[in-house]
Amino acid sequence: AMPGQFSVAINRLDALFCVEPASAWAAWTTAFGYYWSPSSKALFLRFIGRESPSYSRAEERDAERDNLATDAAVLRALVKATYLVWPPANDPVHEDAYSPDIADKATSKRSYFLNALTALGSEQALASLDALAVDPDLRRHRDTFLYQRDKLVRTSVRRDLLPASEAITFLNSFSKTPTSIEEFRALIKRHLVALLEKLHHFDDDERGGSVCLNSFGR
C-alpha cells in the first residue's frame, strides 16, 4: 500500500504546486525542513524524476493552470533544491538509444525550473538569480546563474518591456560592459559554460553544435 500512498501524495503535491506554489513548498519544508538528509533527497529525486501528470483532456492542456511558472520565490527555492539534490554532474550521457528514466526527467526538471525563473523577466526573478549566484551552497554553479542573469537582462530589453531610456539605465546597472581584462574573462567564461551545457543536453551533436554556436554568436 505504501507505493500507492506515496504516488497519491506526490500527485497531490504536484497539483498544489500548480495552484498554490508557496503552500506546496511550505508543505515540503514543514515535513522535511531545509536540511537535505539522504531520505529527503531520495524522496525529492523521485518527485522531480517522475512524469508530471496532466489533469485535463488533451485539448485543454494548454489552458492548464500553472501558477508556479509565475512565482519567482518558489522557483528560486526549487532551483536550489534541484541543484543540490541532482547537480549537473549527475546528468546521464546517452551515446545510443535514448529512453528517459528518472535521471533524465530529474535533469529536465532542473532545467525547467531555472529556465522558467529566467523567463519571468522581472525584478524579482533578477533578484532571485542574484541570490542563487552568491549562495555558498551553490558556488560550483555560480557561472550558470550569472549567465541566466545576463540572459534575463538582454531578453527583457530586447522584448521592449522597458522604455528605451529605462532600458539603458537597466543595462548599465545590471549588465555593465567589461572594464578590465578580469571582467571580460569572467563574461566569456559564463558564455562558454552555458554553451557547453547546451551542447551536453542537445540530442543531435552536429545540429546541437550548430544551433549553440549560432546562438553564442548572437
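In this predicted model, helix α3 packs against helix α4 through a set of side-by-side residues: Lys 41, Phe 44, Leu 45 and Ile 48 from α3 meet Leu 78, Ala 81, Thr 82, Leu 84 and Val 85 from α4. Sorted by class, the residues of this contact come out as seven nonpolar, one polar and one charged. Helix α3 covers residues 38-48 and α4 covers residues 72-85, and their axes come within 10 Å of each other, crossing at roughly 110°. That angle makes α3 roughly perpendicular to α4. As for the hand of the crossing, α3 passes α4 in a left-handed way.

What about α4 itself? The helix has 14 residues and reaches 20 Å from its first C-alpha to its last, close to the 20 Å expected at 1.5 Å a residue. Ten of those 14 residues are buried, so α4 is largely enclosed by the rest of the structure. The buried set is Ala 72, Val 74, Leu 75, Ala 77, Leu 78, Val 79, Ala 81, Thr 82, Tyr 83 and Val 85. An α-helix has 3.6 residues a turn, so residues three or four places apart point the same way.

Helix α6 spans residues 123-134. With twelve residues, α6 reaches 17 Å between its end C-alpha atoms, close to the 16 Å expected at 1.5 Å a residue. Its buried residues are Ala 125, Leu 126, Ser 128, Leu 129, Ala 131, Leu 132 and Ala 133.

Trp 86 sits in the loop between α4 and α5 and is buried, with a relative accessible area of 11%. Setting aside neighbours within four places in sequence, Trp 86 is in contact with Leu 45, Ile 48, Asp 91, Pro 92, Ala 103, Ala 106, Thr 107 and Arg 110. Trp 86 and Leu 45 are 41 residues apart in sequence, yet their C-alpha atoms are 7.2 Å apart in space.

The other loop residue is Gly 121, found between α5 and α6. Gly 121 counts as partly exposed, at 23% relative accessibility. The C-alpha atoms of Gly 121 and Ser 156 are separated by 5.7 Å, although the two residues are 35 apart along the chain.

Stepping back to the whole chain, the secondary structure comes to ten helices and zero strands. Of the 218 residues, 35% count as buried. Among contacts with a separation of 6 or more, residues 24 or more positions apart account for 66%.

Definitions and conventions: Residues numbered from 1 in each chain as written. Predicted model: local features only at pLDDT ≥ 70, side-chain atom pairs only at ≥ 80, totals over all residues. Heavy atoms only, no water. Axes fitted to C-alpha atoms, helices over the stretch in contact; angles between N-to-C directions. Helix = DSSP H or I, 4+ residues; strand = E, 2+ residues; numbered from the N terminus. Parallel < 35°, antiparallel > 145°, perpendicular 65-115°, else oblique. Left-handed = near helix turned anticlockwise from the far one by under 90°. Contact = heavy atoms within 4.5 Å. Nonpolar A, V, L, I, M, F, W, Y, C, P; charged D, E, K, R; others polar. Expected span 1.5 Å × (residues − 1). Buried < 20%, exposed > 50% of the residue type's maximum accessible area, 1.4 Å probe, protein only.
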